[in-house]
Amino acid sequence: MARRERTRHLIELGGLVQKTGLVDLADDDRATLYGAMLDLAAKAREDGNILVLWKRRGKRAFDAEAEGTEAQWPD
């Protein structure tokens, strides 16, 4: 991956972290964010089906954003 592409990719990923509200929730503490992401990665390794759920939720959130509405999650 070229340097410019990589930089853009990393910026986009950072934007996703910001969009989730995790930055505010963790009070912008990088150790907390890193720990949370490590937990997510461990959970995904234990249960591959969780990736399907996360993808579905993410797609619904992107679609809702494109429509100007807020995504709703079933409890």
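Is R8 buried or exposed?

**Before you start**

This is a predicted model, in which local features need pLDDT of at least 70, side-chain atom pairs count only at pLDDT 80 or more, and totals for chains, interfaces and linings use all residues. Residues are numbered from 1 along each chain as its sequence is written, and side-chain values use heavy atoms, with hydrogens and water left out.

**Stop 1: the whole chain**

Show the cartoon. There are four helices and zero strands. Helices (H or I, at least four residues) and strands (E, at least two) are DSSP runs, numbered from the N terminus. The order along the sequence is α-α-α-α. The radius of gyration is 14 Å, well over the 11 Å that the globule rule gives for 75 residues, so the protein is more spread out than a compact globule. That radius is taken over C-alpha atoms, and the globule rule is 2.2 Å times the number of residues to the power 0.38. The C-alpha trace spans about 35 × 30 × 30 Å along its principal axes.

**Stop 2: the surface**

Accessible areas come from the Shrake-Rupley method with a 1.4 Å probe; for residues, only the protein chains shown count as cover. Of the 75 residues, 9% are buried. Buried means under 20% relative accessible area, exposed over 50%, and partly exposed in between (1.4 Å probe, protein chains only).

**Stop 3: R8 and E12**

Go back to R8. R8 counts as exposed, because its relative accessibility is 59%. E12 forms a salt bridge with R8, and the closest N and O atoms are 3.0 Å apart. A salt bridge is a side-chain nitrogen of Lys or Arg within 4 Å of a carboxyl oxygen of Asp or Glu. E12 and R8 are four residues apart in helix α1, so about one helical turn separates them. E12 is partly exposed at 42%.

By this rule the count comes to three salt bridges. Two stops remain for the others.

**Stop 4: E65 and K19**

Select E65 and K19. Their salt bridge has its closest N and O atoms 2.7 Å apart. This pair links distant parts of the chain: E65 is in helix α4, K19 is in helix α1, and they are 46 residues apart. E65 is partly exposed, with a relative accessible area of 47%.

**Stop 5: D63 and K59**

Stay on helix α4. The D63 and K59 side chains meet in a salt bridge (3.1 Å, N to O). Both residues lie in helix α4, four residues apart, about one turn of the helix. D63 is partly exposed at 35%, whereas K59 is exposed at 51%.

**Stop 6: the nonpolar patch**

Select L10, L13, L16 and F62. Together they make a nonpolar surface patch of about 350 Å². Patches are made of residues with over 30% relative accessible area and no salt bridge: like charges are joined within 9 Å, nonpolar side chains (Val, Leu, Ile, Met, Phe, Trp, Tyr) within 5 Å. Helix α1 (residues 3–20) gives the largest share, three residues. F62 is found in helix α4 (residues 49–67). F62 counts as partly exposed at 45% relative accessibility.

**Last stop: T7**

Select T7, in helix α1. T7 is partly exposed at 39%. Draw a C-alpha to C-alpha distance from T7 to F62: they are 22 Å apart in space and 55 residues apart in sequence.
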